[in-house]
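Please keep the sequence and the model in view while reading.

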Amino acid sequence: MALLASRAILLTVAIVSTFIQSSWAKPLGTGIHKHHSLDTWFLVTEQSSYVISAAGNGYLVNMHWGKRLTQLDDLNATVVEPPVFSQIIPVTEAREELPVFGGLRYRENILKAELPKGIRELNLQFAGNANITDNTKLDLDLRDGNRTEFLVTLHYEIDIENDIIRRSYTVRNGLDDRVNLSKTSSAAWHLPYALGWDEQRELVTLSGEWSQEAMVQTTRLSPGVKHTVESTRGFADHVSHPYFALAQVPNAVNPTTDVYFGALAWTGSWEIVIHTDTKGFVRVTGGIHHQDFGWTLEPGESFTTPVFAAGYTDQGLPGARRRMPRHARKYQKKNVATQKDDKVFHPVLYNSWEAVSFDLNEEKQMALAEKAAPLGIELFVVDDGWFGVDSPRDNDTAGLGDWDTNPKKFPNGLKPLADHVHKLGMKFGLWFEGEMVNPDSDLYREHPEWVFYYDGVPQYLSRTQLVLNFGLEEVRDYIFEKVAGHIEEAGIDYIKWDFNRPMQGVTMHNYDRNPQEAWVLAVEGYYEIIARLKERFPHLWFESCSSGGGRMDLGALERTDQVWTSDNTRPDARLFIQYGASLWVPPRMQYGWVTDSSSDKSIEIPLSFRFHVSFMGSLGLGSNINNFSKEQLEESTHWIALYKKLRHVIQNGDLDWLVPPSRVGELVTVTETIYNDGDEAVILAFRHNSPFPDSGELSPIRIRHLDENAVYRVTMWQEDPQNPVDVYELSGALLMYRGLELPSLNKGMFKSAVVWLQRA
């Protein structure tokens, strides 16, 4: 079998040479095309092509991923056969679409299974079945060469306008006995050769922690080195985010700006592995984390992996930043009924947490609502602390799981408050943390078996709470009915769903399958709750939150209305966080709050600066408005009114960073959100610090993506939302090639400006 496998991979050479016989001259359109005589498929987007081919005896390999090809015979080339020695093994180096554990494969694999009789090797080959649907989806069947009843179907879906391919696969057990899966990464991506004496690639990843999410990190790739980014905590996590980008480093000989990028649609533990071989070829694999993973397939059963979406652009990291958020928004609109219309904007919200914390009641909330409504607030949200009867939620040590309204705080339930909010012209929102429970709660006292635990092992508290096992149907049903009851009774329009600790003790009890399935069942349970609530209450908006930005992966983005980017609302910190998150999160899904939060009480950050940072996506207000002066309330009202004039651009446009945030120097940041092919743009400019005021004049900021032949009306606000500091007209060419002057940012700390460009 080893010799057979080695020879099989060498047959990919025959595939390429056969293309020479092709004489198709018609340019390839977008969509999926099969070669007229070969088992070869071209997946063509606006700017890229991805080509899959079957070798002589069935191994599926990637032939090309990159710049768009125009002909079915564009792979005509001379291919040098790799040498075959005892330690240079073609099947190891082959760019297999589904590299498995088995045979002479010694690089990263994405599927490992234990078959009957203790066999732990696979040998998957193309089974001859291919299905193209709607010109955008392709399914390819593979069967094990030794056990043909073991079937794997590769799934491909292309997002044509965003140059992205969505990949997953389904494993089906057609054998007479059970199969145990121990690794099911979703895809293997193969990048062409790039590393040489003068060429290098840079890996872009996102690390962080609570209140410091999505910090952009760059690492040079080196031959023979493997990089892993991951979360093993049971949720997408703050420490790392399931995203990668690989950027070609331009040099004097090769000025290319090629970038490959991708994100996982999975809200549980995950891993992405980037391995560079000694020749410079890069393999990227990713999916559900293999640590403690297990899944049983009884005869006739199947398992489908989450989606791993990845794309190519020759427009550098800004091109990747444009494509992945567009892709996320496209599938959000496809899956979430409340998000299908771009003209339905995310509301300006007020969250009462900073004003009252756990010390809330009906009277205080009504008073806050009466102050919030005149500001232009459209959604009023009650946060943690409204529930718990025998174990009242007066702090974070009690009450989680007891989703009954606290009778002392809300003696008549939540409906009077919700009705009051609605009469003031606002929507009403409520906080839940449905997957958690405090030991000091009626729910835990009645059902201690509903949490994750191991017999005889201590239960480790984090934030004084435990994690409910959402793999249990009775747990999901109980939480669903509690939440649904409040929605029906009070008329709730919006839910903020939190998740404030990692998982531990993850297993199933009294379960005749693999108890390690609990890791997946818990995530699927979360997805099920969202789907059931959305189905029963079609008007309901759902926010994904996890101590800030711990649940803003592609899987959450495609199921919910919005995500909470970070608990850190200090505006200068938020610029760094939003810079990283905007690589894959659409602007409208990122809420920024104007709050009083600051880790340094000696620093006074102007209200205008706080609003301008929060203008970058959807706008929220979280300050204790009870402490606002009359002037601050008036200023807030006018900033909110200005935001509403601009939000069609901000929420539906493409966010770009003209000057990214930096931890050194004079700390200047400038963003641009471009809308409707350059008809409008909103520029947000920030100067955090000006240590050299006498020589710190800013250079003009060059705008992008405008029409150079058009004239634009330029309106600029700085500290007064009612009175622009400048209004004038400039050509698109001048704005792009010379730049926009921002003299108001030349001196001082925490200076900022909002600039609206409109085609005249």
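Trp 353 is partly exposed, with a relative accessible area of 29%. Here, buried means under 20% relative accessible area, exposed means over 50%, and partly exposed lies in between, for a 1.4 Å probe and protein chains only. Phe 358, at 14%, is buried.

The model is predicted: local features need pLDDT of at least 70, side-chain atom pairs count only at pLDDT 80 or more, and totals for chains, interfaces and linings use all residues. Residues are numbered from 1 along each chain as its sequence is written, and side-chain values use heavy atoms, with hydrogens and water left out.

A search of the whole structure finds 32 aromatic pairs. Rings of Phe, Tyr and Trp (its six-membered ring) pair if their centres lie within 6.5 Å; planes under 30 degrees apart count as stacked, over 60 as edge-to-face and the rest as tilted. The ring centres of Trp 353 and Phe 358 are 5.1 Å apart and their planes stand at 85°, so this pair is edge-to-face.

Trp 564 and Trp 593 form a tilted pair, with 4.3 Å from centre to centre and 35° between the planes. Because Trp 564 lies in strand E28 (residues 562-564) and Trp 593 in strand E29 (residues 590-594), the pair ties together parts that are 29 residues apart in sequence. Strands (E) are DSSP runs of at least two residues, numbered from the N terminus. Both Trp 564 and Trp 593 are buried.

One aromatic cluster is formed by Tyr 50, Trp 65, Tyr 156, Trp 189, Phe 244, Tyr 260, Phe 308 and Tyr 312.

Note on methods: Helices (H or I, at least four residues) and strands (E, at least two) are DSSP runs, numbered from the N terminus.
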